[in-house]
Each structure stands twice: as C-alpha cells, then as structure tokens.
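Dear colleague,

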Number of protein chains: 4
Amino acid sequence: MTTLTASAKKVRVGIVNITGYVGVELARLLFLHPQVEIASVSGRSSAGKKVGEVFPHLSLIDLEITSEIAEVDIAFVALPHKESAPVVVSLLNKGIRVIDISADFRLKDNTLYPEWYGFIHPAPELLSEAVYGLPELYRNEISGARLVANPGCYPTSAILALAPLAKNSLIGNHVIIDSKSGVSGAGRSPSLKTHYCETNESISAYALEGHRHLPEIEQELAYFMHGTKPVATFVPHLTPMTRGILTTTYASLNTKQISESFDTESLKTLYGDFYQDEPFIKIVSSPPSSKQVWGSNMCLIYPTIDKRTNHTVIVSTIDNIVKGAAGQAVQNMNIMLALPETTGLESLAIYP
Amino acid sequence: MTTLTASAKKVRVGIVNITGYVGVELARLLFLHPQVEIASVSGRSSAGKKVGEVFPHLSLIDLEITSEIAEVDIAFVALPHKESAPVVVSLLNKGIRVIDISADFRLKDNTLYPEWYGFIHPAPELLSEAVYGLPELYRNEISGARLVANPGCYPTSAILALAPLAKNSLIGNHVIIDSKSGVSGAGRSPSLKTHYCETNESISAYALEGHRHLPEIEQELAYFMHGTKPVATFVPHLTPMTRGILTTTYASLNTKQISESFDTESLKTLYGDFYQDEPFIKIVSSPPSSKQVWGSNMCLIYPTIDKRTNHTVIVSTIDNIVKGAAGQAVQNMNIMLALPETTGLESLAIYP
Amino acid sequence: MTTLTASAKKVRVGIVNITGYVGVELARLLFLHPQVEIASVSGRSSAGKKVGEVFPHLSLIDLEITSEIAEVDIAFVALPHKESAPVVVSLLNKGIRVIDISADFRLKDNTLYPEWYGFIHPAPELLSEAVYGLPELYRNEISGARLVANPGCYPTSAILALAPLAKNSLIGNHVIIDSKSGVSGAGRSPSLKTHYCETNESISAYALEGHRHLPEIEQELAYFMHGTKPVATFVPHLTPMTRGILTTTYASLNTKQISESFDTESLKTLYGDFYQDEPFIKIVSSPPSSKQVWGSNMCLIYPTIDKRTNHTVIVSTIDNIVKGAAGQAVQNMNIMLALPETTGLESLAIYP
Amino acid sequence: MTTLTASAKKVRVGIVNITGYVGVELARLLFLHPQVEIASVSGRSSAGKKVGEVFPHLSLIDLEITSEIAEVDIAFVALPHKESAPVVVSLLNKGIRVIDISADFRLKDNTLYPEWYGFIHPAPELLSEAVYGLPELYRNEISGARLVANPGCYPTSAILALAPLAKNSLIGNHVIIDSKSGVSGAGRSPSLKTHYCETNESISAYALEGHRHLPEIEQELAYFMHGTKPVATFVPHLTPMTRGILTTTYASLNTKQISESFDTESLKTLYGDFYQDEPFIKIVSSPPSSKQVWGSNMCLIYPTIDKRTNHTVIVSTIDNIVKGAAGQAVQNMNIMLALPETTGLESLAIYP
C-alpha cells in the first residue's frame, strides 16, 4: 500500500516488546517514517508470530516477532521498568544506540530506584550518561547521546507546563499537579481496573500515597529552580477515554519576584517566548481539550493567573502514547540522527 | 406497573420544568416515593404533551405537561438561574413550600448576583430566609423552611469534602478544588460542547476565569472558619461520561494546630466521627470511583494527608444529578415533611 | 440506610456466585425487595470476605461471602454453564427451589449440550422438569416450578420480539437475528476482549460460526410454530457500552396468510393485543434506544413491516443484566412466591 | 511543522464547506498530501475566520475561510444534499473538476430525488455524466471524470461487501443490510440526537421507513446483477462511538448456481481474487472490529456462509469519515490526477 521507495539507505531500527501499546504505536509511526526501516521487532508471548497476526492493522509490516531483536542502528526498548535495564545494557554493549521508554534510566539518583520502583539498579554508572529525553529541554544533549531515557507521560505534561515558571522563579517551591489520563496509560495487559465495564462512565484518583512519576517530576523541576528544592503533590486520575492526558497544575505566585501588573497576558507572552521555536508546543488562547492532540505529537499549554488567589493555573495536554511515549521517542531519534525533528511526526490530530 | 397503593393521603408535589435533566430525574425519584404523589408538572417547549411522549421511560406517569404547575404542597423548581427567582416568589405567595434547584437563593449576599450571575436579584429580602439545602450541615433549619436553596453539584462535592477540615481549623485559608464532572451537568440543551463527537475521548478544563459555583463554595466554607475568610481556586473539568463528579481538593495543613503524629488514619477517624450518623456519606478506605455512586444519593469521601508536602488531599464523589441535584432535593423534602430522610432514596448504585 | 422493617416473615434467598455481574445485580435488586431477605451468598475467589469489601456499593449487605450457600428457601445460581448443573442438583436434593441463570437447564434435548456447550449433561432427567423462565410465555408453569431455567439475554430479546409473529404464522420459517450487546454480557473476568482500550470506539460481530444461544432461540420459536421447524441465522455484536441489548430481527412475511392491507399499524395492534397485560413489555411507536430501558426490567418492542420487500423488521431492546438476567430471575421468583410480579422491580430506567 | 518542500508545482485544491466533519477531515488529509496544496476553503457561519480559530488542530493551515472558494484545479464539495447541486454546477462551469461528497449526483434516475431527497434535481443532464466514485468498481471512469459523485458511507460498506456475490450470481435478489454507524455520521450540527448524554451507553435503529442511502445501494447492486432487480432491506443503527461503520449483510445462497462443496473457504478465495489488487481492501480471517480501520482508508471484509440456513453473512467495516467520505474522495482525486492511488492515504489505523 505504501508508495515509499527506498531511495537512500535507511537507518535500521528495532522495537523491543512490540506487543504493548507503546510498542505498537512505535511500529505505526516508524513504518511511515521516510528515513528509517523497521528491521527487527521482539516480543515475549507472541514470539514466532507475524506482526499482522497479532495486530491486523499492522499487516503491512512483514516481519516475524522474535524473542530478541537483531542487530540494528537504534533500538527502542518498550519493556516494563526493571525488565528494561538489563536489556538496555546488553544492547549498548553491542554498540546499539538506545531509546529506553521505561523509567530505568530517568532518575539520576540511584537510591531512588529501591524506594520508588522496588529494585536495586543494575547499572548505576549509566545514570549520569543517560540523557533525559525531553527535546524541549535537552536537545543538545540528546543529539550525541548513546542512551536516551524517554520521559514518562505524566512528567512530560507537567514539566512542559511548569518549566517556564520554574526557570523564571515565578512560583514558590510547592506545586500541585492534578493529572487525568486515558486508560491506555495502564497498559495492554487485561485487569479488572482496565475492564470496560469498570472504567466506562467512571473517573477515579489513584496512587495518592505517591506515584512513581513523582521523583522524575521533582528531579527535572529542580534542574531549573536555582538551588531551591521543589516539592510536588501529584495526583493522577484514571479517566474514561483511551488516549490523552490533561494536567492542571497549581502553584503560588512568587509575588516578590513579579510586579502587580503581571497578569495572564504577560504570562502567555512569557510562555510564547520560552517555546517560540518548538514545533510541538503551542500556547493556546482558550482551555485545550485532550482531543485537540489526539494521535499527534503536539503539547498544548494554557497558562493563566488567578489574581484572586495569587496562584498560577496551567493546563497542558498531550496524547499520552504519542508525545507521552512513542512520538517523543521518534522525536528523540530524529535528533540523534540529525534529521529534521518533525520527520514522520507531521500528522495532525484526528478530529472528531 | 407499580404495586403501590395509596394507603395514606399522599403529599402533592409539583415539578417546574420537568424537561431538563434534573426535572426528569426528580420525576423518576418522586414517582416511586411512597409518601408523595406527583400532582403537576410544567415545561416550556413541551407544554401540552404527555410526560410519556417526551420521555418514554416515564410513560407510567400519566400527566400532561402544563405551562404552569397547579396547586401543590411542595414545588421543585428546576429552572435555569435568573428564570427561577420570579417563579419561586410566585409559588411562595401562593403558600407553596419550594425547593429551588437553581442558584437564585443560594447566595446570602445579594451583591454577588450581578457579579457572578449577571442580574440584579428581584427578591433580595428572601435570601436570608432561604435555607442552604445541604442536610448534613443545615438539617434543623431545613425542617421548618418555606424555601430551600438546593446546593450546586460542584459545591456539594467540595463542601462535604472540606467541612471537617474547616470546622476543625486543620487547614490554611486557601483551598484548591479540582473537579471533574460528567456531561449531564451541562444540561439537556444541545450545543457543540455537548455533541457526542466533541466530548467523547476528550477531557478539558473550563471557566478558569471563575466559575459561578465559586462564591457558593466560599460562602459555605466561611460558615465554619471562625472568622477567617477562605479563598478557593476552583477549576471544573468536563469529563467524557454522562453522570458523576469526582472532586480532588488540596489544602496546606495548619501545622500550628495539629501534632506531628496526626496522619491519614487520624484524619479518617476525624471524618468518620464528623459524619457518623449520616446515611448518605461514607468515608472509604480506598480511592473511590464515580461509578460507585452512579444513580444513588451517596457521597463517598477519601481523606488523606501527604506528609511529604504537609497538605491534605481529599477525594470525594457524588452522582451529580442525584446527590448533586434531584436526590438531594428529595432528601430535603423528606426533612421538610418529617419523613425518614432516606425515604425513596434507598436505591443502591448501579454497577457495572 | 434502608428504612424497611421486617414486618412479615421474609423469604430467605441465596445467591450462588455473587461476584459476577449477574450475581451482584441480583444482590442489588434483592436487597431492596420488600418480601425477601438475602440470607446467604457464595463466591469462589472472594470467599471469606465481606460483600462490602468486594463491592463497596453493596456495603449495606452485611454478609460474609462463603464457599457454599446455607439453607435457604430459594437459590439463584449465577455460575458459568457446566459448573452450574451439579450445584443445582445438590440444591434441589436439599429441597431448595432453584432459579438457574446458566444455560444448563434451558435446552430440552440433552444431545444439544455436547454439541453446543461441550459437555455431557449430568442430569438429563431434570431437563423436562425444568421450566424455561420467560414469564410472558410460561407464567403458569413457573408458578409451581421447583427448577426454573432463566433465559439467556439474547434469547429474551429475540423470542419476545418474534413470539407474536410465530404464534400467528405470519412469517416463514427462517429468521435473521442481528443483536448488539453491551460489554457486560461478556462477564466480569478481565480479558483482552473486554479491555477498555480494545472495546471503546469499536464494534464487532462475533461467533458467526454459531453462538450458543442459537439452539435456545430455535427451541422456543418451535414451541409456537405449529410443527414447522424454524431456523435462525443469529449474529451477536459486541457494542461499546456497558449495558443493553438491541436486537433487530428480519423475516419474510407469510403472504399466503395475510391480506394486502395488513401493514405496520395492523402489526402494532397485533403486538399490543398479544402483550396487553404484560407489565414489563411495551410496544412503542418510534424506534427504541437501549438507554430507554437502562437499569430497568422493561422490554420495548417496535414492530414494522417493510412493504417494499415483504419482510417484517422487529426491533426490541432490554437491559441485558436486568430483563436479560437478574431482573427476569426476580420476576420468576415473584411468580414462584405468588407475589405481585412487579415487586422489587418497579424502578424506572435511569436517564440520562 | 511540516518538512514538505514544494518541489514540483502542486495541484491547487479547494474545500467547499470546511466546517463540517467531512470538510475538516479533508483538510487534515490534503494538508499532508505531497502533490496538492490547499488553496482555498469556504464555509458559511465561519466565513472571515482563520481555519485555526475554528479548528485549533488545523492551525498550520494558514488560510482564511471565505464565503466562496477561489479558482482551483479540483474542488471538494462537502455541502448537505440539495445545497450542493447548484454549487457543483457553478464550479463545473468555471472549468473546475469536482468531487461532490453529497448525494446530489449519485443517483442516475432523476425521479428518485423528489422521492428520497425531497427536491427536484436542478441539473438532471449531469447525472449520466457523473461517475459514482467507488474506485474499486469504477476506476477507469473516474480517471477522466469531470464530476465524481463520492459514495455514501453506508453504501460504501455495503456495496464492497456484496459486489463479489452479486457479480457472481451467488445470491438471491433480496439482501438484508444491518449497519451500525458512529455518531459522526450524523454531522457536526448539535441536536438532541447527538447530545453526549442521549447517545452514550445507547444504541438505536433509525429510518426503518426507508433511509436515503437505500436507492444508491440498489442502483449499484443492479449494475452487477445481470438484469435481476435487487431489493434491499436496510436498517442503520446509531452506535455510541465517534467513528466507524460495521455492516452485516445477509442474503440467501443461490443454490442452483453453486455446488454443495462451496463453503466459507471457497467464498474467501473468491473475495480474495475479486479484490486482489486493491490497496484499500483486505479480506480478513477473523471478524473485524471497526477499530481496526479507525482513521485509515481501509475496508476490511469477512465473508462467511451459514450452511445451516444456506445464507451468506458478510461483515465489512470502514471508518465512515475516511473510506466512507474524505479518504475515498482523496483516493478519487489521486485517480483523477493519475497519481499512485495511495498517495497521502498511507496512514495506518490508530490503535488503541
């Protein structure tokens, strides 16, 4: 069906664990990417089957799912945390550049892994080398990286929303992050939690005792905050939709720093300047809905100031599987390959 | 179909504007209420039709929709704000007790009406008489009231969540209220906002410049707060489901007031004590989902303390059309009639 | 919360396998039934827990889930097929009347069990005694029955739609039944098929090679068809909603039997007469939506004739868990106990 | 954001009525098409606004919506029926090739317009010239056409499902078509029918008295049926999802024509041969779900024979806005421009 012809030699990429929702979205995006070729895909329970047997909509990808991926130029690792780290080490040792979708190389402080993820990190020496793959903040570091730690979906939506405030010292050190995610964030394995009848017509908060994405958010906010240690209250919510994250963040204004006349318009200008050259970030003039980014790599941000209470309220939205996972990984790959950053990510949101 | 027999003389009730979602839910609940009889219902565009013509599931209610309701003992007024006030005045003048579902008699300070609702109140003298119809707080006042102002759906979920904190001076005066509502809260009139294709698979924040339920929340919190003026940051979200509100509230702990050892368990005990005799409030031990109250008059509350940040995070959930509107109105009626408060409201949540 | 007082001595009922969607719905309905008392409930994986631990919305039912039910007057058996039969036999042997929700006693011909359900029936001698629990057709037989086989959800919607045609010889012997069911029909056990992300925004046909409800439908149609053996083409569809079945049936008109002037209006009259005293069946004058019966025990039927093609097209809808399972079981129980048939089933559909 | 460079001179295309769901989908697809340039878009209520003001996700399309479109090479007309015809005539008179999405040029017999659409056709002389834009059947005629009548969404799913049967005389002349469509098929104008709360958790049949797509289906089936006049019973259903159509067709086997041994496998082979070179049609080996084509231009077909009843049951599925409207229109444009037929339509279905 595709009319692409292999003119120049394409970069060979591999997907480890294609059978999860991120793996399958990587396959969709990479299949149409003009500069790469999906050379190898691996899976666990589905090893031995053709891609199209497991995912009919991907039947044009004429590959067998193997238990390990073959030699490639770049590997995307879409395994669960803890399972990912040893595979990443093994790939790096073969000279393969890696974009890891799991959390295994996102945290710089290895003592956080036992606390938040329940395992002792097997390769702590790689944590400083790994680059946190948020292109809007670390583009230069990503370009030459051997190992990119692709950010979590919640942190992507929260950090992009808060970075301009943190960088400019506009807020106090405590932020409240109220995130609403679609069900695909819970993964493809069936469970009562993801059963249609339990989730449809229902919204709930979870992980109030502390979600694993919290240290990642605090680590990255600290990067900007000039020595102040930020603390975050973070409450994720399971929302009855397949895709999308909408995050509403609240923080007190640093009124010492800013003048009386600083208002929502000033804030929008500041955000516009901060992200002016970013192809995937748009500052919007009315509250965004998650549908406006459905299927695309865009992040929409709506910054406001509540003068009554001297707080900023920032709403941001992404597609959790695209900008929150697979799309961002492709964006990172483009940077690593010195390709235009939007290559293969031009699709607009699907509406309605 | 019903086997109820009119043993004792029943109380005659009327529903003004039966054709909205609250009106139709009132009809459903009151039809099966053993002590009352729906004697008259009015509507605007549907006047002249039978109830069952407009709402097939209510065809057992053998009444014609009229343009005005007849003489009844108690009237439920389910009109939009501003339209409600003159009708309420007229009913009161006829000696009819009124439960007003609109916002027209909720605020005590009449200067708030021009600011938040855009009209000058036509009967400010009634504002002090009107009782705010939250039975858990004003049961005694409701019992003898001539006019009950039924609370808004968002305020019900927020005030019930925060009342124990405010009453016990456990929090600072600023609260953040992040609410997620189903689409029925937007009413039955078609609009692009409520179009299935615009709303399905999408969540959005709205009214960031200030939602009309805000002054109502602040007014009621102030009632408890011993002279401190509370301020609230309130952000409602439109969620892709028909019914339900889930509200997550955040407030800083008043650490002067409470000891180091005060923790989530202490808070749960305090909430349990505060609401111990309430038939429609339950303190739950895991985060509730809105589906757990679907179709019922229950409010579930999950109180927690985030020790890392010294904040309380309280999650509450109600069915916006039942405890958030029609069910609460029936509860108020029961109190006004000295009936057991749960009469006609015994239905459990529908699951799944 | 309930204000019911145990005036007369109540009938003791038990629910075998309360933890499935039908079991939990039985609990909801029976809890508010004024003439019965839930005396015992059993479950498998949840044995030893309180009902409210597993289902928070049922926490008013103060019972422990046991591995077997205690002595009761009537037992509802909500086990999967094949597992049900031996339990039913054991209960009958204890003198307990049984309403079996499974398919194990619905078919009269025991040779159909190996063919359609893959097991040899362990108690074929009970098949002739068991009464097919469709009250509209077998009310008299149900009243004195020791064992009622509660119909399947699809058959209920199809047989009620077709019975007036079959009885009056208005159609040929081949019928096409195109049914659309909500996801709860697939049960509460998690699977990829019922995963929210797989089911939402998707509709599919299944079991085209022959669904297990087919012989049940043909058996009951044959009952009416005066010696003609009916054959049915039956295709069920999985629809992205929690509850509800809408069935569209197609059959050629028996033009020998009916006059030229017989039209849709004549057909509606015929249906109206056929079901005139039925509290749970309503012939409607515009195409029904499944939402119009959501949560209620009603069946709506819309009969039409397509003159262009000389076919009848009948649309019927039920709530698959109520009239298609638990509600119909309670209706059967009422008949067995000589109670008014609508007792405990008066709730109107929930809208919106 | 896009990295496309205008190497060769691009074809200038226009979209009449961009503000409906088909118009906006055309914009999404054409914006990324490498060989065309969206040169002009028109709308009615939104004239004077920028595209991005009305549809934020299309803000990269830097055009003002005008009341009429400018001179272009090809125009897509996405107006409602009756409104479309005069606009099409006017565009043709300017020498612009037209792809009309409405029904105004689909029917060859002009007497059908008053009967089914309620208006007298203003340009009946064009009906014979207009080519029915189903590429799988009329590819040659489309290539040189001045006016293409893009098929309806239901007819596309039904005709593609039935064409191999009709062409090979495998079925009798009566077919039953039971179609289930997502809500976007009802258009973007708000109405009670498309209100989220009315549609969610509900399925319904409609237009049982005769849907407007019926004559279109019969016309095209007749094309194949060697002089036999086909008649169709067609019942559309409104399904709670945004996109997608799943159609289940039933027809009696022409047992004179086919041998005893002809079975489902034989039928699959016949379908595979019939559509072997079609890039957008896939014969699948298990029942398809509408999600498998979500956002793509594919049509999946699952052909079966029910030996018990000697009927064929064919299940087909498309995305109603893509292969059922905008995608098919782009496919037609590609043929008209002698481009590879898949250009701009390579996107795979979005999953989950």
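This is a predicted model: local features need pLDDT of at least 70, side-chain atom pairs count only at pLDDT 80 or more; totals for chains, interfaces and linings use all residues.

Residues are numbered from 1 along each chain as its sequence is written, chains are lettered from A and ligands numbered from 1 in the order in which they are written, and side-chain values use heavy atoms, with hydrogens and water left out.

Chains C and D

Here 45 residues of chain C are in contact with 45 residues of chain D (contact means heavy atoms within 4.5 Å). The two chains bury about 3700 Å² between them, 59% of it on carbon and sulfur atoms; buried area is the accessible area (1.4 Å probe) that two parts lose on being put together, summed over both. Within chain C, the residues that lose the most area to chain D are C:Glu201, C:Ile203 and C:Arg308, which together account for 19% of what that side buries.

Four salt bridges are found across this interface (a side-chain nitrogen of Lys or Arg within 4 Å of a carboxyl oxygen of Asp or Glu). The side chains of D:Asp178 and C:Lys180 meet in a salt bridge, at 3.1 Å from N to O.

Chains C and A

This contact takes 19 residues from chain C and 19 residues from chain A. About 1600 Å² is buried between the two chains, 60% of it on carbon and sulfur atoms. Of the area that chain C buries against chain A, 40% is supplied by C:His195, C:Tyr196 and C:Cys197, more than by any other three residues.

There are two salt bridges between chain C and chain A. The side chains of C:Arg188 and A:Glu198 meet in a salt bridge, with 3.8 Å from N to O.

Helix α3 of chain D

Which residues of helix α3 (residues 84-93) of chain D are buried? They are D:Ser84, D:Ala85, D:Val88, D:Leu91 and D:Leu92. Buried means under 20% relative accessible area (1.4 Å probe, protein chains only), and helices (H or I, at least four residues) and strands (E, at least two) are DSSP runs, numbered from the N terminus. These residues lie on the same side of α3(D), because they cover an arc of only 125° around the axis; the arc is that of the directions from the helix axis to the C-beta atoms. The buried residues of α3(D) pack against β1 (11-16), β4 (74-77), β5 (97-100) and β7 (147-149) of chain D.

With kind regards

Notes: Buried means under 20% relative accessible area, exposed over 50%, partly exposed in between (1.4 Å probe, protein chains only).
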